Amino acid sequence: MKQYLLSVHTPADAPMPSEEELGAMYASVDAFNAELQAAGGWVFAGGLYPPSSATVVHARDGEVVTTDGPFAETKEQLGGVWIIEASDLDAALTWAGKASASCGAPVEVRPFQELPA
Amino acid sequence: MVPKTDDGAVELIFRRESGRAVATLTRLFGDIDIAEEAVQEAFVTATSRWREMGIPMNPGGWIVTTAKNKALDRIRRESTRGDRHVAALLLHDNTDQAPEDRGSVEDDRLRLIFTCCHPALAPETQIALTLRLLAGLQTTEIARAFLVPEATMAQRLVRAKHKIRDAGIPYRVPQASELPSRIPPVLAVVYLIFNEGYAASHGDDLVRSELCEEAVRLARLLAALMPDELEVTGLLALLLLIDARRPARTTRDGSLVVLAAQDRSRWDTSLIAEGLELVRDCLRRNRPGPYQIQAAINAVHCDARSAESTDWIQILQLYDQLLALAPTPVVALNRSVAVAEVDGPGAALQLVSALRLDGYHPYHATRADLLRRLGRSDEARVEYLAALANTSNESERGFLEERLRVL
C-alpha cells in the first residue's frame with residue numbers, strides 16, 4: 001500500500017459561498033469521507049482556515065523569524081487535504097475524482113516517499 | 001545457429017525484440033529502469049557474442065534470458081535496494097530459464113503500453129516513452145524526430161520513469177470497465193507517432209519514415225492483442241490505408257503530390273487489400289467510432305481507380321457521421337473538401353469561413369484552393385501566403401509555392 005496526499009486547490013480570491021452552498025458541500029464531503037473510511041483508504045483529512053490565517057516561521061542561523069503568511073501569494077491556495085492509502089496511482093486517482101466531486105475543486109495527487117526499510 | 005553476423009542484423013533484432021524483452025523484464029522485476037538497463041546490456045553482449053557464434057535460433061528468448069541474468073547480477077551487487085527487488089531476486093533466482101510462453105509475453109507489451117500512455121503522464125511524454133520502451137528507439141533518435149536537444153529528451157524520459165515508480169503508476173492492462181477511457185490515449189499516441197512520420201512538421205527524412213513503420217507495427221500489435229476493440233482495428237486500417245499511398249505522395253525530389261494528382265499504380269496494393277478487409281470487418285460488426293470512420297473514408301479513396309471516379313457522395317456521408325461523433329473544427333474543415341466536390345467550391349467556402357482555425361496551415365491551404373477554383377485569385381494569393389507562413393515542412397512549402405506561382 002502506498003500513501004498519497006490529496007490536496008484541494010481553491011482560487012484565493014473566490015467569493016465566500018453561501019450558507020446553503022457550504023451546507024451542501026459539507027454533506028457531500030462527509031459522504032465521501034464515510035465511503036473512504038469504509039473502504040479502509042482513510043488516513044487523515046481536514047479543511048483549512050483561509051490563507052490569511054497563516055503564519056510563516058523560518059529558523060535560520062539560530063534565529064527564528066516569524067512573519068504574517070501565507071508562504072507564497074499565489075492565485076490558488078491550499079484549502080484542505082486528505083491523506084489516503086491506495087494500492088497504486090489508478091486507485092488513488094479514482095479516490096481523487098470522488099474527492100474533487102465532493103468538494104467542487106481541483107485535487108492534486110502526490111505520492112508520499114516510502115519510509116526507508 | 002545461422003552463420004556469422006554483422007551489427008546491422010543485431011540492430012534489426014533489437015528493434016524487433018527489445019520492446020518485448022523490456023516488457024517481460026518489467027513484469028519480472030517490477031522496475032522499468034532495471035528492465036531497460038538489463039536489456040541494453042544484453043544486446044551489448046549479443047553484439048560481441050553473436051559475431052563469433054552466429055545468431056541463435058530464438059534471439060528474443062536469448063535476450064530475455066541474458067537480460068534476466070544481468071538484472072539479477074545487478075540486484076545482487078546493489079543489495080541495499082528495497083524489499084521488492086529482494087523479493088524478485090528470491091522469486092526468480094531459481095527459476096528455470098525456459099523461454100516465456102507467447103501469451104504472457106504479449107500481455108507484457110500490452111501492460112507496458114498502458115503504463116507508457118497513462119493519463120497521469122503528459123502526451124509528449126507518453127509518445128517519447130512508447131518509442132523508447134516499446135519501439136526500442138534510441139533517445140537521440142527520438143530527440144531528433146521531435147526536434148529537441150538530446151539532453152532534454154533524456155531528462156524527460158528519466159522524469160517519466162521516476163514518476164511511474166514514485167507515484168505508483170500500475171503495470172497492468174486496465175479492467176474492461178476502464179478501457180473506454182484508457183484506450184483513447186493509447187490510440188492517440190500511436191496515431192501521433194504515425195502523423196509525425198507522415199506529415200512531419202520537421203525532422204530528417206530517414207527518421208520520419210521509420211516513425212510511420214513503428215506506428216504501424218504498434219497498431220498491429222494492439223489490434224492483435226485487443227481484437228474486440230473495433231476502434232483499435234479501425235486505427236490499424238486507417239494507418240495501413242494512408243501508408244499504402246506513401247510511395248505516390250512525394251516525387252523523386254521529395255516534393256508533395258496531392259491525392260488527386262497521385263500515380264495510383266504506385267500505391268501499395270497489399271496494404272490496401274489488408275486495410276479494406278479490416279474496414280469491411282468493422283462495418284460488419286457495426287459499432288462505429290472516429291478511427292473506423294476515418295478508415296472507411298480512406299477506403300473509399302483507395303477503392304477509386306482514378307481521382308475522377310472517387311465516390312464523393314459516400315465520403316461526404318461518412319464525414320457527416322464523423323462530424324456527429326467528433327464535432328471539431330478540423331473534422332469540419334476536412335468535410336468541407338468533400339462538400340466542394342459534391343456541392344461545389346462556393347458551398348464549401350461558406351462552411352470554411354465559419355471556422356476559427358487561423359494559423360492552422362491546412363485551413364489556409366483549403367481556403368486558398370476553394371478561392372482559386374472560384375476564380376478569386378487575389379484572395380487566394382493571400383491565403384496561400386498565410387498557409388506558407390504557417391508550415392516549415394519543405395515539401396508542403398514547395399507545393400504551396402508552386403500553386404502560388406501558377407495562380
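User: Before anything else, what counts as an aromatic pair here?
Analyst: Rings of Phe, Tyr and Trp (its six-membered ring) pair if their centres lie within 6.5 Å, and planes over 60 degrees apart count as edge-to-face. Keep in mind that this is a predicted model.

User: How many aromatic pairs over all chains, then?
Analyst: Five aromatic pairs are found over all chains. One of them joins Phe32(A) and Trp82(A), with ring centres 5.2 Å apart and planes at 90 degrees, so this pair is edge-to-face.

User: Which parts of chain A does the pair of Phe32(A) and Trp82(A) tie together?
Analyst: Phe32(A) sits in helix H1 (residues 19–38) of chain A, while Trp82(A) belongs to strand E5 (residues 76–86) of chain A, so the pair connects parts that are 50 residues apart in sequence.

User: Are Phe32(A) and Trp82(A) buried or exposed?
Analyst: Phe32(A) and Trp82(A) are both buried. They also form one aromatic cluster together with Trp95(A).

User: What about Phe14(B) and Phe43(B)? What sort of aromatic pair is that?
Analyst: Phe14(B) and Phe43(B) are edge-to-face, 4.5 Å centre to centre with 85 degrees between the planes. Phe14(B) comes from helix H1 (residues 7–29) of chain B and Phe43(B) from helix H2 (residues 32–53) of chain B, so to speak distant parts of the chain, 29 residues apart. Both of these Phe residues are buried.

User: Staying there, what is Glu17(B) in contact with, leaving aside neighbours within four places in sequence?
Analyst: Glu17(B) is in contact with Phe43(B) and Gly60(B). Its place is in helix H1 of chain B.

User: Is Glu17(B) buried or exposed?
Analyst: Glu17(B) has a relative accessible area of 11%, and buried means under 20%, so Glu17(B) is buried. The side chain of Glu17(B) also makes a polar contact with the side chain of Arg20(B), at 3.2 Å.

User: Zooming out, how many helices and strands in chain B?
Analyst: Chain B has 20 helices and zero strands. Of its 407 residues, 51% are buried. Among contacts in chain B with a separation of 6 or more, 65% come from residues 24 or more positions apart.

User: Back to chain A. Where is Ser102(A)?
Analyst: Ser102(A) is in helix H2 (residues 89–103) of chain A. Its relative accessibility is 7%, so Ser102(A) counts as buried.

User: Which residues does Ser102(A) touch, not counting those up to four places away in sequence?
Analyst: Ser102(A) touches Met25(A), Ser28(A), Val29(A), Phe32(A) and Trp82(A). The last two are the edge-to-face pair discussed above.

User: New topic, the interface. How many residues of chain B are in contact with chain A?
Analyst: 11 residues of chain B contact eight residues of chain A. The two chains bury about 670 Å² between them, with 51% of that on carbon and sulfur atoms.

User: How many salt bridges across the interface?
Analyst: The rule finds three salt bridges between chain B and chain A. One salt bridge is between the side chains of Asp88(A) and Arg172(B), 2.8 Å from N to O.

User: Which helix gives the most to the side of chain B that touches chain A?
Analyst: Helix H8 (residues 150–167) of chain B gives the most, with three residues. The residues on that side of chain B divide into four nonpolar, two polar and five charged.

Conventions. Residues numbered from 1 in each chain as written. Chains lettered and ligands numbered in written order. Predicted model: local features only at pLDDT ≥ 70, side-chain atom pairs only at ≥ 80, totals over all residues. Heavy atoms only, no water. Phe/Tyr/Trp six-rings, centres within 6.5 Å; stacked < 30°, edge-to-face > 60°. Helix = DSSP H or I, 4+ residues; strand = E, 2+ residues; numbered from the N terminus. Buried < 20%, exposed > 50% of the residue type's maximum accessible area, 1.4 Å probe, protein only. Contact = heavy atoms within 4.5 Å. Buried area = accessible area lost by both parts, 1.4 Å probe. Salt bridge = Lys/Arg side-chain N within 4 Å of Asp/Glu carboxyl O. Nonpolar A, V, L, I, M, F, W, Y, C, P; charged D, E, K, R; others polar. Polar contact = N/O pair within 3.5 Å; in protein donor to acceptor, adjacent residues only side chain to side chain.
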